[in-house]
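Colleague: I am new to this model. Could you go through it with me and say what the terms rest on?

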Amino acid sequence: MTATTTGAAVPTRGWAEGWGLFWTLTCALAAMALGFLFAIGWDTEGYRMVIRATARTSLVLFLAAFAASAVVKLWPGPFTRWLRRNRRQLGLGFAMSHFIHALAIIALWKTDPGTFWVLTNPKSIATGGTAYVFIALLAATSFDRMVKALGPKLWGRLHRWGVWIVAVSFIFTNGKRIPVSLWYALPVVLVIAVIVLRVVAGRRQRRAALA
């Protein structure tokens with residue numbers, strides 16, 4: 001454990017660091033999904049609960065990975081350095097959360113197609129499917145061997161554009177539901193806030209380089 005200047009502690013090894021963190025997140029996400037299904041039922045309501053829950057965990061994990069490089073530049077400290085150091089594992093945790101999310105959507109479609117088509121449409125499936133393609137590509141290329149195989153230039157372009165496509169997908173997916181519930185505005189605001197942080201951090205870094 002590493003103590004912060006305020007007396008709090010940030011875990012630096014074991015379950016909260018590196019691949020231990022990834023497996024902790026994976027087990028927690030699987031336990032959450034199974035817990036809802038066993039408590040509510042392996043039916044429409046159970047699958048919808050898993051879909052809602054993993055939508056939230058996916059957002060939190062994506063924002064943590066998406067913001068990591070910016071927050072450590074703006075507010076360097078033990079926690080932000082931990083975020084930056086474990087950005088890969090947080091991103092893979094996001095991919096795992098969204099994989100479970102997809103499984104629950106497929107289960108809902110097979111179990112209750114009527115409800116499924118009330119909640120979605122071909123356009124949403126197309127845009128969501130595009131985001132999933134990039135999530136899969138980002139996850140598959142998050143390993144050192146793939147970085148070497150692609151080369152730093154191609155890998156950098158894929159990950160730079162990929163995270164922005166996923167970010168826009170979150171804004172679109174939640175933004176279109178705001179008329180249904182104002183709570184959907186919260187994810188939109190959070191994603192936009194992290195985008196602003198990334199822009200501010202990038203400008204500060206460029207100014208420092210020129211100084």
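Modeller: On a 1 Å grid over the protein atoms alone, a pocket is an open set of points where a 1.4 Å probe fits, with protein on both sides within 12 Å along at least five of seven lines; a lining residue has an atom within 4 Å of a point. The model is predicted: local features need pLDDT of at least 70 and side-chain atom pairs pLDDT 80 or more, while totals for chains, interfaces and linings use all residues. Residues are numbered from 1 along each chain as its sequence is written, and side-chain values use heavy atoms, without hydrogens or water.

Colleague: Which residues lie nearest the centre of the largest pocket?

Modeller: They are I51, H101, I105, T173 and R177, out of 41 lining residues. The elements giving two or more residues to this lining are α2 (44-74), α4 (87-111), α5 (113-119), α6 (122-140), α8 and α9. α6 gives the most, with 8. Helices here are DSSP runs of H or I, at least four residues long, numbered from the N terminus.

Colleague: How much space lies in the largest pocket, and what is the lining by class?

Modeller: About 1,400 Å³, where a volume is the space filled by probe spheres set on the points. The lining has 24 nonpolar, 12 polar and 5 charged residues. Ala, Val, Leu, Ile, Met, Phe, Trp, Tyr, Cys and Pro count as nonpolar, Asp, Glu, Lys and Arg as charged, and the others, Gly among them, as polar.

Colleague: What makes up the lining of the second largest pocket?

Modeller: It has 32 residues, with A65, R87, W155, H159 and V163 nearest the centre. α8 gives the most, with 7. By class there are 17 nonpolar, 7 polar and 8 charged residues, and the space is about 800 Å³.

Colleague: Why is α8 called roughly antiparallel to α9?

Modeller: The axes of α8 (152-175) and α9 (185-210) come within 8 Å and cross at roughly 150°. Axes are lines fitted to C-alpha atoms, for helices over the stretch in contact, and angles run from 0 to 180 degrees between N-to-C directions. Under 35 degrees counts as roughly parallel, over 145 as roughly antiparallel, 65 to 115 as roughly perpendicular and the rest as oblique. The angle therefore makes α8 roughly antiparallel to α9.

Colleague: Which residues of α8 and α9 meet?

Modeller: V163, W164, A167, F170, I171, N174 and G175 of α8 meet P187, V188, V191, I192, I195 and R198 of α9, contact being heavy atoms within 4.5 Å. This contact has 10 nonpolar, 2 polar and 1 charged residues.

Colleague: What is the contact of α3 with α4 by class?

Modeller: The axes of α3 and α4 come within 5 Å and cross at roughly 65°. L83, R84 and R85 of α3 touch R87, Q89 and L90 of α4. That gives 2 nonpolar, 1 polar and 3 charged residues.
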